[in-house]
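Please look through the structure below before reading on. The paragraphs that follow lead through it part by part.

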Number of protein chains: 2
Amino acid sequence: MGNPTAAMLVIGDEILSGRTRDANMHHLARELTKQGIDLREVRVVSDDADAIEQAVRALSAAHDHVFTSGGIGPTHDDITAENVARAFDVPIDVRDDARAVLQAHYDRQGIELNAARLRMARIPEGASLIDNPISAAPGFTLANVHVMAGVPAIFEAMVASVLPTLTGGAPVLSQSISIFRGEGDIAGPLSDLAARYPDLSFGSYPFQRDGAFGSNVVVRGQDGGRLDAAMAELNAMFPE
Amino acid sequence: MGNPTAAMLVIGDEILSGRTRDANMHHLARELTKQGIDLREVRVVSDDADAIEQAVRALSAAHDHVFTSGGIGPTHDDITAENVARAFDVPIDVRDDARAVLQAHYDRQGIELNAARLRMARIPEGASLIDNPISAAPGFTLANVHVMAGVPAIFEAMVASVLPTLTGGAPVLSQSISIFRGEGDIAGPLSDLAARYPDLSFGSYPFQRDGAFGSNVVVRGQDGGRLDAAMAELNAMFPE
């Protein structure tokens with residue numbers, strides 16, 4: 001639809017082992033949709049240097065924006081920052097502005113800024129910082145890659161500070177209708193309708209409710225008038 | 001760890017638009033972990049022919065098993081089967097065994113097996129069927145790719161029928177400890193410990209509970225004795 005495109009990269013063994021259920025993908029998907037940025041692909045990889053580097057390279061080349069989640073804490077398994085740097089062949093080191101943010105945060109709490117915590121001040125050359133209002137340790141934006149924390153509250157705060165800086169597209173509008181008939185009944189007419197409205201996207205999602213089968217049909221597009229017209233046809237086809 | 005590797009491919013615009021929250025990834029991750037199959041990567045792509053084909057090719061070449069979810073229903077946006085076939089350059093058509101399964105199912109309900117429903121009997125040449133005890137329309141296995149439904153109850157039933165046919169690895173054991181100290185405090189000692197137990201994996205996951213910061217440390221590996229030894233050291237380092 002001509003909107004900017006985005007990909008997300010979720011980094012973390014805990015998601016792939018099933019220990020933790022990812023919550024950030026759903027949040028980001030909703031926020032991007034609101035802003036008219038088209039999330040095209042999500043990848044989840046483990047805490048593995050080559051897997052992170054290769055995914056960052058591939059997604060960064062293919063999309064306008066990449067959002068990563070996870071792996072920027074102080075422990076040995078937090079290896080996102082250095083591998084994003086590797087993907088762009090830039091050096092990474094403790095940077096004064098990031099160190100100052102951490103120093104102020106830990107001073108307020110009377111906690112030592114030790115070597116492990118200082119790891120969180122390592123920022124690739126040329127990156128700009130993403131504010132972390134919750135636990136101070138910043139994310140960063142390098143080229144078109146926005147590197148953010150995995151803890152949902154922090155991820156969401158970082159998304160809230162990054163998104164307003166990006167140029168969105170025309171918001172995608174959507175309308176939906178619940179049809180208490182199986183997908184097999186509505187598939188034919190729906191396919192004909194979709195062919196006559198190539199500028200809209202038609203999704204059909206089966207459900208089972210109170211023992212009855214039905215389908216939620218969701219129509220999405222950027223032109224409200226066309227959307228209304230397609231919905232009027234749908235309502236006429238499947239009156240309930 | 002020498003175990004078989006796997007990837008998952010989630011197919012569906014509704015996940016990427018944020019309309020639906022994916023539930024299948026978490027389920028599959030847990031089931032594979034139990035069976036000693038190492039889930040290395042997950043991708044989520046839209047209902048786009050080229051995106052599906054390319055992801056299937058890439059993941060099938062890189063892993064022992066690929067599990068897909070979504071896009072095998074009767075509507076025009078269900079395009080998984082033909083694009084899995086394209087990825088392997090094999091023809092796809094309505095197959096007698098799949099048609100018979102659907103015919104019996106719809107006959108029992110007095111519903112017509114119309115053209116849309118018959119789409120669900122299209123099976124790539126050389127594939128074997130995956131049983132669907134809930135709504136009959138089968139999944140299939142082509143080469144190392146297991147193609148399953150997106151509706152969670154059906155996906156889970158198909159996983160339950162596929163997994164026992166696969167050779168798993170040694171189950172991965174895990175033990176964990178909650179340490180009521182910030183990750184920055186435990187990172188140094190934990191990194192030293194991880195270096196001395198290269199056969200185990202150590203993950204650290206921060207939490208905030210009742211206003212206190214802490215870290216869950218999860219140790220995973222295949223040798224119960226080594227796991228016990230590492231946990232004993234962890235308990236001695238961080239007595240609470």
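E10(B) and E11(B) run antiparallel and are joined by nine bridges. Helices (H or I, at least four residues) and strands (E, at least two) are DSSP runs, numbered from the N terminus, and two strands pair if DSSP finds at least two bridges between them. Within this pair, B:Gln208 stands opposite B:Phe213 in E11(B). The hairpin of E10(B) and E11(B) has two residues between the strands, and B:Asp210 takes a positive phi near 50° there.

This is a predicted model, in which local features need pLDDT of at least 70, side-chain atom pairs count only at pLDDT 80 or more, and totals for chains, interfaces and linings use all residues. Residues are numbered from 1 along each chain as its sequence is written, while chains are lettered from A and ligands numbered from 1 in the order in which they are written.

Axes here are lines fitted to C-alpha atoms, for helices over the stretch in contact, and angles run from 0 to 180 degrees between N-to-C directions. Strands of a sheet pair through backbone hydrogen bonds, either parallel or antiparallel. On the E9 side of chain B, seven bridges join E9(B) to strand E11 (residues 212-221), and these two strands run antiparallel. B:Ile179 is found opposite B:Ser215 in E11(B).

Two residues are in contact if their C-beta atoms, placed from the backbone, lie within 7 Å.

Elsewhere in chain B, helix H3 (residues 49-62) and helix H4 (residues 80-87) have axes that come within 8 Å and cross at roughly 50°. H3(B) and H4(B) are therefore oblique to each other; angles under 35 degrees count as roughly parallel, over 145 as roughly antiparallel, 65 to 115 as roughly perpendicular and the rest as oblique. The crossing of H3(B) past H4(B) is right-handed. A crossing is left-handed if the near helix is turned anticlockwise from the far one by less than a right angle, and right-handed if clockwise. Residues of H3(B), including B:Ile52, B:Val56 and B:Ser60, meet residues of H4(B), among them B:Thr80, B:Val84 and B:Ala87. By class, this contact of H3(B) with H4(B) has five nonpolar, three polar and three charged residues. Ala, Val, Leu, Ile, Met, Phe, Trp, Tyr, Cys and Pro count as nonpolar, Asp, Glu, Lys and Arg as charged, and the others, Gly among them, as polar.

Chain A is divided into domain 1 (5-165) and domain 2 (173-237), with bounds that come from an automatic or database domain assignment. The centres of domain 1 and domain 2 of chain A, taken over C-alpha atoms, are separated by 37 Å.

Chain A also has an open sheet of three strands, in the order E9-E11-E10 with antiparallel pairing. Its edge strands are strand E9 (173-179) and E10 of chain A, each pairing on one side only. E10(A) is joined to strand E11 (residues 212-221) of chain A by nine bridges, and A:Gly203 stands opposite A:Val218 in E11(A). H8(A) lies across E9, E10 and E11 of chain A at about 165° to E10(A).

Helix H2 (residues 24-35) and helix H7 (residues 152-162) of chain A pack at an angle of about 20°, their axes 10 Å apart. That angle makes H2(A) roughly parallel to H7(A).

Where do the two chains meet? The contact takes 43 residues from chain A and 43 residues from chain B. Several elements of chain A each supply at least two residues to its side, including helix H1 (13-16), strand E2 (38-45) and helix H8 (183-196). The residues on this side of chain A divide into 17 nonpolar, 15 polar and eleven charged. Five bridges join E2(A) to strand E2 (residues 38-45) of chain B, and the two run antiparallel. There, A:Val42 has B:Val44 in E2(B) as its bridge partner.
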